[in-house]
Amino acid sequence: MISFLLSLVALVLGYLLYGRFVERFFGPDDRVTPAVAKADGIDYIVLPNWKIFMIQFLNIAGTGPIFGAILGAQFGPVAYLWIVLGCIFAGSVHDYMSGMLSVRNGGINQPEIIGSYLGKNTKNVMLVFAVFLLMMVGAVFVYSPATLMQGLFAEHAPSVNLLSDSTFWIIVIFVYYLIATMLPIDKIIGKVYPLFAVSLLFMAASLLVMLFVKQPNIPELWESLPGAALTPDAVFPCLFITIACGAISGFHATQSPLMARCMKSEKQGHPIFYGAMITEGVVALIWATVAMYFFYDQPTPGYETMEGGKDIINKAPSIVSMICDNWLGLFGSILAILGVVAAPITSGDTALRSCRLIIADFIHLEQRSISKRLYVCVPLFAVVIALLIWQINDANGFKTIWSWFGWSNQTLSVFMLWAITVFLVRQKKPYIITLIPALFMTVVCTTYLFSAQLFKLDGATSAIIAAVALIVALAWFVVWYRKEVRSEK
């Protein structure tokens, strides 16, 4: 528990110290924000500071800091290092800068931010990349909560055939997605999200209390695991893809513009963007610790003391339900349902909303009228439905989509980090704060792409390709930097 406590303190200090350091170099001021200048009552609308924080937190969190942290904990306490260092020095900087660049540039979306600093061609590639990623999020986060709801009612109310049918829940979730994507952001998202965010935070706080009560004997950072790791995957690069939300996630930069369009002042950016990411890191840290109790507690790991635990070692949603039920009772079960069902749904609807806005901005289609929103939503939802059908009919469909989603998600963060680095260079700011994370994530994503997880090359070949990618990326930056400096003289 010492490693956990030190990590918790580090995250808080990261927000108070490094967060202010990053904010000072960006330089928020009193200029008019897009929420005021472009107010339309649909997407550009001023919301209270606390509500923006809650929505931003739930937008970027979903099940990521829960499921990702649980699966990442199979690697052992090394997960703490990635959550802490990744969250403070990469993820929070990524989220703050991408959110503030959206605020500073009229509420533009992620592909436009990248295009502003990396060029039009990169913008077009990222637009396709981002749209496809967001559609994958929509498909994945329809199927998983629908099957969870189907299983829940099949177990507790088997006589109610309709509620025990996953197709029924898929239709219900899709209808909700369409309504949430179409309506003004303050009508459903602005009202429901804060409640779900509170439940997610309360669940994490309750588990934090139980950790102090139970004081599990889990491995520390300086200790070896009590046996072999429960995952056959290599720590590098798999840990850095598995734990995305809670460390760094490219998906966040697609969500931050939603809240950039609701802020009354640029000075809200530190608590909203940097603060929401640190909060997500805390949630991931708590769940990683709970999971390490389940996997590695001594003398007997949690999965051996809980009935049915051995059967769900690789099933994160089931681990959430079992832990909450055993530690928090009936109340915990309710929180678990909210966590494993509501959280992915709330990620899916904002993903599709972001997708609508990205497409509408690209084709220059105003979104004040319902008919214009439908022009984008109808084909968008048709593609998501097609992805969903393929996912259901293919035995490996979910695993395939999830693997590519994980890589695509972190690759988005790579391009955003490079775009922010260019911005910092041009503003004569300390660009090193994003250059190092950009280089690191370039290597992570390249290694993962060519490793056994996707293209299935051997480890040595993947490492060589990743080393070449690192050299090329660094060489590109040096050449570009020198040209940039000469052009300013």
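Contact here means heavy atoms within 4.5 Å. Helices (H or I, at least four residues) are DSSP runs, numbered from the N terminus.

This is a predicted model, where local features need pLDDT of at least 70, side-chain atom pairs count only at pLDDT 80 or more, and totals for chains, interfaces and linings use all residues. Residues are numbered from 1 along each chain as its sequence is written, and side-chain values use heavy atoms, with hydrogens and water left out.

1. Start with α17 and α18. On the α17 side, Leu435, Leu439, Thr442, Val443, Thr446, Thr447 and Phe450 meet Ser462, Ile465, Ala466, Ala469, Leu470, Ala473, Leu474 and Phe477 of α18. By class that contact has 11 nonpolar, 4 polar and no charged residues (Ala, Val, Leu, Ile, Met, Phe, Trp, Tyr, Cys and Pro count as nonpolar, Asp, Glu, Lys and Arg as charged, and the others, Gly among them, as polar).

2. Now the geometry of that pair. Helix α17 (residues 432-450) packs against helix α18 (residues 459-488) at about 150 degrees, with the axes 8 Å apart; the axes are lines fitted to C-alpha atoms over the stretch in contact, and angles run from 0 to 180 degrees between N-to-C directions. So α17 is roughly antiparallel to α18 (over 145 degrees).

3. Thr447 is worth a look. This residue sits in helix α17 and is buried, with a relative accessible area of 8% (buried means under 20%, with a 1.4 Å probe and protein chains only). Leaving aside neighbours within four places in sequence, Thr447 touches Phe236, Pro237, Ser462 and Ala466.

4. α17 has another partner, α5. The axes of helix α5 (residues 78-104) and α17 come within 10 Å and cross at roughly 115 degrees, which means α5 is roughly perpendicular to α17 (65 to 115 degrees). Trp82, Phe89, Ala90, Val93 and Met97 in α5 meet Ile433, Thr434, Pro437, Phe440 and Met441 in α17. The tally by class is 9 nonpolar, 1 polar and no charged residues.

5. On cysteines: a search of the whole structure turns up 0 disulfides (pairs of cysteine sulfur atoms within 2.5 Å). Cys87 has its closest cysteine sulfur in Cys245, 11 Å away and too far for a bond. Cys87 is also buried, at 0% relative accessibility. Cys445 is in no disulfide either, with the nearest cysteine sulfur, that of Cys238, 12 Å away; Cys445 counts as buried at 5% relative accessibility.

6. Finally, how many residues of helix α11 (residues 251-260) are buried? The count is 10 of its 10 residues, including Phe251, His252, Gln255 and Met259.

Terms used: Helix = DSSP H or I, 4+ residues; strand = E, 2+ residues; numbered from the N terminus. Parallel < 35°, antiparallel > 145°, perpendicular 65-115°, else oblique. Buried < 20%, exposed > 50% of the residue type's maximum accessible area, 1.4 Å probe, protein only.
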